[in-house]
Amino acid sequence: MIMMPLKSITKNLASLIIACLFGVLSINAYAAIDVYDFDSVQQEAQYRGLIEELRCPKCQNQNLAGSDAPIAQDLKQKTYDMIKEGRSDGEIRSYMQERYGDFITYKPPVRPSTWILWFFPPLLLIVLIAGWFWQSKRSQRIARGQSGILVDSAAALSAVEEAELDRLLSRADRNKTDHDITSIEDKK
């Protein structure tokens, strides 16, 4: 039995994997090429613009130009056919929106069903900026001692409570200064 060195086996295996990857990548590269004949440069520009603008229904966030899904291929073909018929961009967009809904375009129209897409982000930004502004102004007033908080006389401390508070605070200050006392009994 002839034994191959381990280094040689791993080298051959790595070469095989790389060759397979290049083969797969080259097949995918050829699959993405579309060949359409246009009557004019304007038709080709119209086609390129539309397939860049329209979204693939299957791929969700990929345009028709970058998608190889079967439905994207069908939509590219339909777009090509409609351009060859002489339809305008608006007519083609309308057809696609009627058939596939507002999701087909990256720029949905402004209507009640899409108001949340158009108006919620700016409103949220305005609310966040206003909240930040209010909070910063409030913290500045508190830092200056102008909190605007009125103390109710009923909520104020009574004379007995104030005396107890002063006694506790002075005791705490004394404990801080008496750090050389080690036993708890000595502190009392």
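**Close-up views of a predicted model**

Glutamine 43 is buried, its relative accessible area being 14%. The model shown in these views is a predicted one.

View A. Helix H2 spans residues 41–53 and includes glutamine 43. With residues up to four places away in sequence left out, the contacts of glutamine 43 are Phe38, Ile83 and Lys84. The relative accessible area of 14% places glutamine 43 among buried residues, because the limit for that class is under 20%.

**View B. Packing of helices H2 and H4.** The axes of H2 and H4 lie 11 Å apart and form an angle of about 30°. Angles under 35 degrees count as roughly parallel, and the two helices are therefore described in that way. Their crossing is right-handed. On the H2 side, the contact is made by Gln46, Leu50 and Glu53. On the H4 side, Asp89, Ile92 and Arg93 take part.

**View C. Salt-bridge network of Glu53, Asp89 and Arg93.** Salt bridges link Glu53, Asp89 and Arg93 in a network. These three residues also belong to the contact between the two helices, Glu53 on H2 and both Asp89 and Arg93 on H4.

View D. Glutamate 164 and arginine 167 form a salt bridge in which the closest N and O atoms are 2.6 Å apart. Helix H6 (residues 159–177) contains both residues, which are 3 residues apart, or about one turn of the helix. Glutamate 164 has a relative accessible area of 35% and is partly exposed. Arginine 167 is also partly exposed, with a relative accessibility of 41%.

**View E. Salt bridge between aspartate 102 and arginine 111.** Side chains of opposite charge can pair when their charged atoms come close. Here the side chains of aspartate 102 and arginine 111 meet in a salt bridge, with 3.1 Å from N to O. The relative accessible area of arginine 111 is 36%, and this residue is partly exposed. In the whole structure, 7 salt bridges are found.

**View F. Cysteine 56 and cysteine 59.** A disulfide is a covalent bond between the sulfur atoms of two cysteines. A search of the whole structure returns 0 disulfides. Cysteine 56 takes part in no disulfide, and its nearest cysteine sulfur, that of cysteine 59, lies 3.4 Å away. Cysteine 59 is likewise in no disulfide, with the sulfur of cysteine 56 as its nearest cysteine sulfur. The pair is not counted as a disulfide because the sulfur atoms would have to be within 2.5 Å. Cysteine 56 is buried at 0% relative accessibility, whereas cysteine 59 is partly exposed, with a relative accessible area of 28%.

Technical notes: Residues numbered from 1 in each chain as written. Predicted model: local features only at pLDDT ≥ 70, side-chain atom pairs only at ≥ 80, totals over all residues. Heavy atoms only, no water. Salt bridge = Lys/Arg side-chain N within 4 Å of Asp/Glu carboxyl O. Buried < 20%, exposed > 50% of the residue type's maximum accessible area, 1.4 Å probe, protein only. Helix = DSSP H or I, 4+ residues; strand = E, 2+ residues; numbered from the N terminus. Contact = heavy atoms within 4.5 Å. Axes fitted to C-alpha atoms, helices over the stretch in contact; angles between N-to-C directions. Parallel < 35°, antiparallel > 145°, perpendicular 65-115°, else oblique. Left-handed = near helix turned anticlockwise from the far one by under 90°.
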